[in-house]
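Hi,

Here is the structure I promised to pass on to you. Have a look at it first, and then read my notes below.

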Amino acid sequence: MNYDATYHRNERLRALARWSEAGVLEPRRQLPIEKAFADRVREKSDIFFRPMAVADQSSIEYHRQLSYLIDAFDALPGRVDIAFDSTWKALELASKELCSGHITDRLKGLSERLEPGVVNLISEKYPAQSCEYLYQRFVVDALQGSADPRLEKRLDGLGEPLVSQLVDYLKSEYGDETDERRRKGAMLLRRALRGDTLRLGDVEGFALTTVPRAKMLLSLFLYTARNDRFHGESFSPFVSSKATMRTYTHPYFAFLASYYALVGTWKIVYPSVVEGVPPKRKRRSVKIWKHASGFSDITGLGDGLAVRSRCR
């Protein structure tokens, strides 16, 4: 489904013009991709996303985090990008309960303490779009001289030589010359993020352990995606003429990854709120996440992110 830029430009102006007359309580007309996604969700998903139930905790900070999750879930299913924004706020707030210092320091500290099972649960589901996003930011932009210096500083600041070795190999082996080479580089990056054992040129048996992969998840992927949105570095995704079904995959994964990183943080900071959940409910929530027919059904992609489950 393709619509030219002029169509979308006119639709954006038309929406604002109508609101200037009727006020913003009147719903605007959905753009074609928004309607197509809503139709696909109704057709393919009976729950879209089911969060874990958690127990109470007297901490004000904990309930502040829950308030951000309410905002996040209210934005679903149509605005998975806003759901990511709100869930990230909850995760950033929770990190203050575990580590001190700047957010970059807190994310590194959290990476070292998240349970391997949480990291593996998230990392095994990286969609191609998110790996292409990382490849663009840390390989292509660097080679083209357009990288944000803060990204390079954050990469160097991870203190993970294997991560730097991987990025250097991607730059030299796949580069930025053709779309095909970039896609291949992004797919190798996905295997590394999953913890697969790789061969990088003459180097055999290359593999990232849990902590480096957690740092890449939190400090490189999620924090970079958050900054791009916060600083207006990218177009609002679903009112763009370039939006497709694939557009929903990347922010939805960012939302899911942030949510399960938050749950993993709660297991450390507020263990009773997670341990207090009946085991059956916890297993069901994880099963929904791991179910491999959900988001691929909704977007038509082969990457199985959990959106649909008929288990009860």
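What follows is what I found in it, from the whole chain down to a few single residues.

First, some ground rules: this is a predicted model, where local features need pLDDT of at least 70 and side-chain atom pairs count only at pLDDT 80 or more, while totals for chains, interfaces and linings use all residues. Residues are numbered from 1 along each chain as its sequence is written, and side-chain values use heavy atoms, with hydrogens and water left out.

**The whole chain**

The protein chain has 15 helices and 2 strands. (Both are DSSP runs numbered from the N terminus: helices are H or I with at least four residues, strands are E with at least two.) Of its 312 residues, 49% count as buried, where buried means under 20% relative accessible area with a 1.4 Å probe, protein chains only. Take the contacts (heavy atoms within 4.5 Å) between residues at least 6 apart in sequence: 74% of them join residues at least 24 apart.

**The cavities**

How many cavities of 30 Å³ or more does a search of the whole structure find? There are 3. A cavity is a set of points on a 1 Å grid over the protein atoms alone where a 1.4 Å probe fits but cannot get out; a pocket is an open set with protein on both sides within 12 Å along at least five of seven lines; lining residues have an atom within 4 Å of a point. Grid points are joined across faces, edges and corners, and a volume is the space filled by probe spheres set on the points.

The largest cavity holds about 70 Å³. Helix 7 (128-143), helix 9 (161-173) and helix 11 (210-230) each give two or more residues to its lining, and helix 7 has the largest share, with 4. The lining residues include Leu 134, Phe 138, Val 167 and Met 216. By type, the lining has 10 nonpolar residues, no polar and no charged. (Ala, Val, Leu, Ile, Met, Phe, Trp, Tyr, Cys and Pro count as nonpolar, Asp, Glu, Lys and Arg as charged, and the others, Gly among them, as polar.)

**The second largest pocket**

This pocket has a volume of about 500 Å³. Among the 23 residues lining it, Asp 148, Arg 150, Leu 151, Arg 154 and Asn 227 are the closest to its centre. Its lining divides into 5 nonpolar, 8 polar and 10 charged residues. Helix 11 supplies the largest share, 6 residues.

**A few single residues**

Beyond its neighbours within four places in sequence, Ser 86 touches Tyr 68, Asp 71 and Ala 72.

Two loops are worth a click too. Pro 77 lies between helix 3 (60-74) and helix 4, and the peptide bond from Leu 76 to Pro 77 is cis, with omega near 0°. Phe 48 is in the loop between helix 2 (32-44) and helix 3. Its phi is near 65°, a positive value in a residue other than glycine, and Phe 48 is buried at 5% relative accessible area.

Cheers

Terms used:
Buried < 20%, exposed > 50% of the residue type's maximum accessible area, 1.4 Å probe, protein only.
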